[in-house]
Amino acid sequence: MRMGKTFGLVVAALAFAGITACSGNRDAEVTADAVVIVDDGAAVTREITHIAGDVYRFQNNRHFSVFMVTPDGIIVTDPINESAATWLEAELDQMFGVPVRYVIYSHHHGDHASGGAVFADTAVFIGHVNMAAALAQGDASTEAVRPPDTVYTDQMSLSFGGKRVELHYLGRSHSDNMTVLLFPEERVAFAVDFVSVKRLPFRDLSEGYLPDWSDAIAALEALDFDILAPGHGPLGVKQDAVDHRHYLEALTDAVGEGIAAGRSVEELQETILLKAYADWGQYEAWRGENIAGAYRILTEGE
Ligand SMILES: [Zn+2]
C-alpha cells in the first residue's frame, strides 16, 4: 500500500509539464520528465522509473542505475555518488519499506561506483574480481568507492527474496572489470559505459580495449534479454547493442587501415566520417575523439 501510494505520486508528477519553482535544499520541482532536486544549491535531476516487473531505473543527472525490489530487500546497482545514494535510500525506504541488501557494481569508475558507503549498514557489496585490483591502484575518481565484499570471475547467480539476478563478465571493453547484470524474469540487461543506445562511446575511449570491446558486446547480444538499460542515455533493445558493436567495428577497422597506411591521427579525423552514424548522439562532439582513442589503443596496445 505504501509502495503504491508513493510510486503513484511519482507517476502522477511525471504527467504534469514544468510546474513550480522551488528553493531550499531538497525541495522537489516537477517537470515534464523528471524530478529536479535542489541539493545544496545545485540543481540535480533525479528520477525513479519503472522498467519491468520488479526492476526500476534510477537517474542522477546523466547517470543511470537500476534496482530490483524483493519482499526481503532491494538489490541496487551503481550508487553513483554519496548525495545520489542518500536520496535513493530515502526514496526506496518510502516507496518500498525494505532495506538495500545488495549493491552490485557495474565497474570501478568513480562516477558510477561512488557513494556505496550509504548502504554499508545493511548491504553486501559485489563486483568483478578485477575491480578490487583496479580500486587498489587508486586515483582521485575512485577514492570514494567502497570495495566489494564479494567478487566473482566469470558468472555469478544471486537468488534473493524469491528473485534471481545474474552477473556476467563478458571480457575487457570499457575497462577490465565490467559486470553486466541480467534480470531473467524481467528480461532486462544493465550494461554500463561499453554500450549505449544510438550514441557514440564516451570521448577518447579512456581505458578501453580494442578489439576486445566488440567481442564483449557480441557476448552481451548472446544473453537472453529484451530491454537494454545502459548507464547513460535512454533505454533500448538488443538491436541497439548490435548497432553499437557495428559502430565500434567500423571505427576499429577504419582506424586500423589508416594506421597500416601510415596516416596520422589528424588525417584519420579528416577522412573517417562514419556517416552512417551522423544522427547518433555526440556524433559531432566525440567522433574525432573516438578516432584518436582507437588510434592510441591500436598503436600503443596495453
Ligand atoms: Zn566507466
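# Notebook: a predicted model, looked up piece by piece

I began with contacts in the protein chain between residues at least 6 apart in sequence: 61% join residues at least 24 apart. I note that this is a predicted model. Next I checked the make-up of the chain, which has eight helices and 15 strands. I then looked up burial: of the 302 residues, 40% count as buried.

**Entry: the open sheet**

I traced a sheet of six strands. The order is S10-S11-S12-S13-S14-S15, the sheet is open, and the pairing is mixed. Which strands sit at the edges? They are S10 (155-160) and S15 (236-237), and each pairs on one side only. I then looked at S13 (residues 188-191) and S14 (residues 227-230). They run parallel and are joined by four bridges. Ala191 stands opposite Pro230 in S14.

**Entry: two other strand pairs**

I turned to S6 (residues 73-76) and S7. They pair in the parallel sense, over three bridges. Val100 in S7 is the bridge partner of Ile74. Is S7 largely enclosed or open? Four of the five residues of S7 (residues 100-104) are buried, so the strand is largely enclosed by the rest of the structure.

S3 (residues 42-52) and S4 (residues 55-60) gave me an antiparallel pair with six bridges. I found Thr49 opposite Arg57 in S4. The hairpin of S3 and S4 has two residues between the strands, and Gly53 there takes a positive phi near 55 degrees.

**Entry: helix H2**

I checked the length of H2 (residues 82-96). At 1.5 Å a residue, its 15 residues should span 21 Å. Its end C-alpha atoms are 21 Å apart, so the two values agree. Which residues of H2 are buried? I listed Ala84, Ala85, Trp87, Leu88, Glu89, Leu92, Met95 and Phe96. Gly97 follows H2, and its phi is positive, near 70 degrees.

**Entry: H6 against H8**

I looked at how H6 (residues 238-260) and H8 (residues 283-300) pack. The angle is about 60 degrees, and the axes are 9 Å apart. The crossing is right-handed. From H6, I noted Leu251, Thr252, Val255, Gly256 and Ile259; they meet Asn290, Ile291, Ala294, Tyr295, Leu298 and Thr299 in H8. These contact residues divide into seven nonpolar, four polar and no charged.

I also picked out Glu284, which lies in H8. Why does Glu284 count as exposed? It has 10 C-beta neighbours inside 10 Å, and 12 or fewer makes a residue exposed. Leu200 is 84 residues from Glu284 along the chain, yet their C-alpha atoms are separated by 9.6 Å.

Most residues other than glycine have a negative phi, and most peptide bonds are trans. I searched for exceptions.

Ile80 is not a glycine, but its phi is positive, about 75 degrees. I placed Ile80 in the loop between S6 and H2. Is Ile80 buried or exposed? Ile80 is buried, because 26 other C-beta atoms lie within 10 Å, where 20 or more is enough.

Leu205 also has a positive phi, near 65 degrees. Leu205 lies in the loop between S13 and H5. I counted Leu205 as buried, because 26 other C-beta atoms lie within 10 Å.

Where is the cis peptide bond that I noted? It runs from Leu210 to Pro211, with omega near 0 degrees. Pro211 lies in the loop between S13 and H5 (212-221).

Terms used:
Residues numbered from 1 in each chain as written. Predicted model: local features only at pLDDT ≥ 70, side-chain atom pairs only at ≥ 80, totals over all residues. Axes fitted to C-alpha atoms, helices over the stretch in contact; angles between N-to-C directions. Left-handed = near helix turned anticlockwise from the far one by under 90°. Contact = placed C-beta atoms within 7 Å. Nonpolar A, V, L, I, M, F, W, Y, C, P; charged D, E, K, R; others polar. Expected span 1.5 Å × (residues − 1). Pairing = 2+ DSSP bridges.
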